[in-house]
Amino acid sequence: MSFRYLVSRQTVSKITARLRSRYSAAYGLATLTDPIPISIRSATHAAFKPLQNPRSPIPFNRGIHSAQVVDSVDSEEEDDGGVNEFLSRFVWIMRQKLNVAYPGCDKETVDGMLMVIVQKVVEEMEGGGFEHKLGQRQAASEDFSEDLWTTVWEVSNMVMDDMHKEAKKEKMKGFLHAEEVKEMCRFAGEIGIRGDMLRELRFKWAREKMEETEFYESLERLREQEKSQEKGEGAEAVQQAEEEAGGTEVNAEVASLPKRRGKIRYNIYGLDLSDPKWIEVAHKIHEAGEVIWPKELKPISGKCKLVTEKILQSTEADDLCPLLAEWVELLQPNRIDWINLLHKLKQQNPGLYIKVAELVLDEKSFQANIRDYYTLIDAYAKKDQLEDAERILKKMTENGLELDSLTATILVHMYCKAGNLEGAEQALESLRSQGFQPDMKVYDSMIKAYVNANKPNLGEALLREMEARNIKPSKEIYMALLRSCSQRVDVRGAERIVQTMLLAGFQQDLESCSVLIEAYGKVGDPDQARYHFDNITKVGQKPDDKCTASMIAAYAKKNLLDKALELLLQLEKDGFEPGVATYTVLVDWLGKLQLVSEAEQLLDKIAQLGEAPPVQLHVSICNMYARAGVEKKALQALGVLEAKKEQLSSHEFETIIRGLTAGGFFQDAERMRKVMEAQGFPSDKLMMDLMGKSLFSKRPSMR
């Protein structure tokens with residue numbers, strides 16, 4: 001920004017006239033009689049009234065450059081905006097330096113000093129020698145000492161540099177939204193460029209566009225200067241005459257600096273900036289400016305380039321701390337350099353990326369923020385590395401960073417997937433404490449975690465909360481709760497879930513009816529089970545093998561063999577063919593009735609189907625042959641069950657042991673009881689029953 005463009009000659013002359021006319025004979029050097037290291041020799045500046053400093057609660061070097069002082073009395077000044085800004089910044093900084101140099105002086109004395117200094121600066125501006133002198137070390141003035149004059153020039157250079165930077169930054173913001181830059185960014189996005197790389201390219205294109213525009217503007221100025229030189233001396237004489245006439249008119253005016261009364265208030269774009277809270281806003285604007293105006297990547301060459309290649313080619317087993325320390329010492333990186341290194345690692349060596357990303361969290365130059373920790377926690381959560389994710393979370397809290405909503409959401413999913421219900425509840429509570437409500441995915445994870453923990457009531461409470469917030473649960477959530485109620489033999493809960501499904505717009509289908517049939521079968525209510533079995537046909541579907549097996553199991557619970565056979569005959573007429581599930585229930589039922597030959601016929605049919613028999617079928621066979629005293633076949637079935645002991649439930653272990661006990665195979669029953677305990681199931685009651693029966697009956701073991 002040209003200083004000649006900033007300061008018009010007419011404006012400077014106007015300010016000079018005001019200063020001289022008001023204060024030329026008002027103050028003497030008596031005001032500055034105290035010992036002053038910075039000497040002021042002019043005797044013409046006596047008895048000046050204090051120059052009130054437009055002290056703003058926001059430092060000028062923080063980017064707030066358009067503040068306008070609103071006086072409590074009427075002001076007659078209508079100066080150029082650039083001059084006002086320069087003088088305001090200059091007076092603000094010089095007042096701070098004078099307060100440091102003269103800690104014992106009162107405000108009136110400091111204001112007098114400022115008046116003398118400002119008048120000298122305005123005289124230099126009027127003389128037109130300020131533009132080419134800035135940036136050079138000047139000899140002491142006849143009015144000021146060398147130290148004072150040096151300070152004046154340093155402050156002036158500092159103010160001009162700040163104004164140049166602010167103007168360039170504002171100009172850059174305009175080019176960031178230029179149509180050509182936007183078009184290139186859209187094209188880059190279409191070809192797959194995202195994130196930090198796209199942002200860097202956008203700033204690069206904006207800078208190139210700005211430099212191109214400045215180049216053509218400079219050519220235009222040169223062309224205009226050449227045209228002005230060709231106009232001749234006549235036009236210059238007329239212009240000089242107009243300037244002299246204007247200067248005389250300005251000097252004839254009587255001007256005065258406004259005397260402020262009361263509390264000074266500052267407005268910018270209609271906002272009252274007198275409140276000290278705007279100091280924090282200024283700091284935030286400064287930090288945001290650093291993001292908008294990013295630092296350039298430092299060039300990597302020589303030994304630093306070799307170290308970088310070694311880091312990229314390392315393996316996960318290598319110790320990277322020495323290499324990273326050497327890289328830091330050679331490059332002295334900023335955050336953008338670290339991000340560039342991590343980006344290269346993610347592309348060339350993904351396995352090493354997470355390790356290095358965790359190591360650089362402790363680097364001060366990296367300036368780790370909450371997003372860096374979130375990225376690592378998310379990466380470890382996706383790999384089901386719970387301990388590593390908790391380690392990063394602990395490090396984050398130790399560094400004073402609070403858990404945010406995104407990280408809390410990731411923790412909810414991670415803990416739910418790992419089955420850590422307590423950790424999931426804590427993460428959910430942290431999410432709510434920050435004022436955020438769970439979304440559909442969080443509800444889904446929490447409800448499934450409650451179902452897996454056999455706590456469907458808590459899951460149902462979350463379901464009601466979703467309905468209260470007008471969030472429609474998915475069918476998978478309803479079915480998960482319905483299956484959990486069926487496994488717990490909670491018929492009322494299952495019916496409640498089905499009614500909620502109907503109100504939500506989900507019609508009953510084969511899956512939901514099968515779960516209800518199974519629940520009523522376990523509770524011993526075959527009539528209700530048959531009602532829901534008939535509903536399958538009403539909704540236009542046909543019962544499958546699993547659904548039929550559940551219905552037969554409900555009849556078996558009450559030993560209603562005639563109704564079961566009637567149902568099978570009816571289904572056979574409709575084209576239904578029993579499968580392994582139906583035959584397994586029938587074998588178990590016939591085994592309990594000691595109809596061994598009939599059960600063996602069904603076993604032959606299962607073998608003809610060519611499907612692998614389930615564990616439940618082997619349990620029924622072992623129980624049937626043990627009770628019937630068929631030692632060889634019972635031994636074979638028991639051997640299969642011992643090989644599949646991890647798949648057995650507590651109820652199935654109990655069925656096997658009771659069948660062996662009923663057949664008199666006490667030693668085998670005791671062995672299976674110990675296996676049951678090894679699998680983590682309680683067996684104290686079975687041990688007492690086994691000991692009691694073994695006292696009255698003794699039969700050799702099958703092995």
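## Terms and overall make-up

A pocket, as the word is used here, is an open set of grid points with protein on both sides within 12 Å along at least five of seven lines, and its lining residues are those with an atom within 4 Å of a point. The structure described in this report is a predicted model.

The protein chain contains 33 helices and three strands. Of its 703 residues, 42% count as buried, and the accessible surface of the protein chain comes to about 39400 Å², with 51% of that area belonging to carbon and sulfur atoms. Among the contacts in the protein chain with a separation of 6 or more, 67% are made by residues 24 or more positions apart.

## The largest pocket

The largest pocket has a volume of about 1400 Å³. It is lined by 34 residues, of which Glu-518, Lys-522, Ala-553, Val-585 and Gln-616 are the closest to its centre. By residue class, the lining of the largest pocket divides into 14 nonpolar, 11 polar and nine charged residues.

Several helices contribute to this lining, and those that each supply at least two residues are H21 (475–487), H23 (510–523), H25 (545–557), H27 (580–592), H29 (615–628) and H31 (650–663). The helix that gives the most to the lining of the largest pocket is H25, with eight residues.

## Cysteines

A disulfide is a covalent bond between the sulfur atoms of two cysteines. With the criterion that the two sulfur atoms lie within 2.5 Å, the count for this model comes to zero disulfides. Cys-513 is in no disulfide, and the cysteine sulfur nearest to its own, that of Cys-547, is 7.4 Å away. The relation also holds in the other direction, since the nearest cysteine sulfur to that of Cys-547 belongs to Cys-513.

Are these two cysteines buried or exposed? Cys-513 has a relative accessibility of 0% and therefore counts as buried, and Cys-547, also at 0% relative accessibility, counts as buried too.

## Asp-404 in a loop

Asp-404 is found in the loop that runs between helix H16 (386–398) and helix H17 (405–418). Why does Asp-404 count as buried? Its relative accessibility is 15%, and the cut-off for a buried residue is under 20%, so Asp-404 falls within the buried class.

When residues up to four places away in sequence are not counted, Asp-404 touches Ile-370, Arg-371 and Gln-434.

Notes. Residues numbered from 1 in each chain as written. Predicted model: local features only at pLDDT ≥ 70, side-chain atom pairs only at ≥ 80, totals over all residues. Heavy atoms only, no water. 1 Å grid on protein atoms, 1.4 Å probe; cavity = no way out; pocket = protein on both sides within 12 Å on 5 of 7 lines; lining within 4 Å. Points joined across faces, edges and corners; volume = space filled by probe spheres on them. Helix = DSSP H or I, 4+ residues; strand = E, 2+ residues; numbered from the N terminus. Nonpolar A, V, L, I, M, F, W, Y, C, P; charged D, E, K, R; others polar. Buried < 20%, exposed > 50% of the residue type's maximum accessible area, 1.4 Å probe, protein only. Contact = heavy atoms within 4.5 Å. Areas by Shrake-Rupley, 256 points an atom, 1.4 Å probe, with all protein chains shown as cover.
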